[in-house]
Amino acid sequence: MAEPPHHPSPFEKAKEAVRFLRKDLPESLQSPRVAIVCGSGLGGLADTVHGTLRAEYEYSAIPHFPCPTVSGHVGKLVFGFLGQNVPAVLMVGRTHYYEGHSIDSVTFPIRVFKLLGVDIVVLTNASGGLNSEYAVGDIVLLNDHIFFAGLAGIHPLRGPNADEFGVRFPPLSDAYDLDLRRFVHKAWKKVIPSDSKRRLHEGVYAFVGGPSYETRAECRMLRQLGADLVGMSTVPEIVVARHCGIRVLALSLVTNKAVLAPVPRGDDHLLQNSTASELGVILEEGKADHEEVLEAGRLAAVDMQRLVEQAIADIFEHR
Ligand code: HPA
């Protein structure tokens, strides 16, 4: 009788990816201490990796690694040193749930990091600001999240528990490491000139599935429920990182302001004599736009890089 097909467990899959990566990694990079996930437009962080020792792998070459489906986006893992010779692994380009990946394949890289020996993961992303105090270009240190999909059961830990990684019912009330957040606030003072318009906040991130941006009513709902930011990534990775005991730091770049004002009414007497193109102008205001998101990312990326680099240097200096 034929052997039943063997379906590797999440642990076996992650081990296979680690075996593949370690085959060619120099000794000093075999066990990176920190992993950085670079969000939209924030891949420049990988250029701050220094030293002659550096290794890169395209995601498509790594067993079980999810690949971005956006054409022209090559995802790659970069190994190298950051700050004062801290061995690091960086994900340049991430995959999103909206691309059609299952939620557990989106989070697979986190478990690979765990088995490589990573104890801190820094996640960066672009988001829409719901908090009226936030301006485009500001950076927000996440201190909590709202995960509607997860609450409804679209959850990366659904299914038999992977005991090798963590417990069945992991707590998340302390998901966003307070000690690490203190380092980021201190690093901000060191690297961002005091006359900079850019500000650092702390806030709550709401995960949405995307890929459409939110309606105005959805933005108002998210705000009323306590979210300061909205975005389409990061939270599933955070849940999986906390499950396996990795400490988490998450930074978000506000690339656009979500529109909270109700949509104008068709019977608004002030609008009755407006032309269709005048109505178009009114509706354009504050509309989320992918190009705008990328542009804000380009401008703020350098500050974000400096901040992360300094924070990592300081965190590891004390270890
Ligand atoms: N909504 C969701 N995701 C985003 C946004 C937004 O406004 N901006 C950048 N990513």
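**Around the ligand and beyond**

The model is a predicted one, so local features need pLDDT of at least 70 and side-chain atom pairs count only at pLDDT 80 or more, while totals for chains, interfaces and linings use all residues. Residues are numbered from 1 along each chain as its sequence is written, and side-chain values use heavy atoms, with hydrogens and water left out.

Strands (E, at least two residues) and helices (H or I, at least four) are DSSP runs, numbered from the N terminus.

A polar side-chain atom of glutamate 214 is 2.8 Å from a nitrogen atom of the ligand. On the backbone side, a polar atom of glycine 128 is 3.3 Å from a ligand nitrogen, and one of alanine 126 is 3.4 Å from a ligand nitrogen. The protein covers 94% of the 260 Å² of accessible area that the ligand has on its own; such areas come from the Shrake-Rupley method with a 1.4 Å probe, and for residues only the protein chains shown count as cover.

Since 7 of its 9 residues are buried, H3 is largely enclosed by the rest of the structure. Buried means under 20% relative accessible area, exposed over 50%, and partly exposed in between (1.4 Å probe, protein chains only). Arginine 111 is buried but has no salt bridge, and the nearest side chain of opposite charge, aspartate 104, is 6.6 Å away. For charge, Lys and Arg count as positive and Asp and Glu as negative, with His and the chain ends not counted. A salt bridge needs a side-chain nitrogen of Lys or Arg within 4 Å of a carboxyl oxygen of Asp or Glu. What arginine 111 does have is a polar contact with the side chain of histidine 243, at 3.5 Å. A polar contact is a pair of N or O atoms within 3.5 Å; within protein, one must be able to donate a hydrogen and the other to accept it, and residues adjacent in sequence count only if both atoms are side-chain atoms.

The whole structure holds 13 salt bridges. One of them pairs arginine 198 with aspartate 303 (2.7 Å, N to O). Arginine 198 lies in the loop between helix H5 (178-191) and strand S7, and aspartate 303 in helix H9 (residues 290-317), so the pair ties together parts that are 105 residues apart in sequence. Both of these residues are buried. Aspartate 303 also bridges to arginine 306, with the closest N and O atoms 3.0 Å apart.

A cis peptide bond, with omega about 0°, joins glycine 210 and proline 211. Threonine 234 is not a glycine, yet its phi is positive, about 75°; threonine 234 is buried, with a relative accessible area of 0%.
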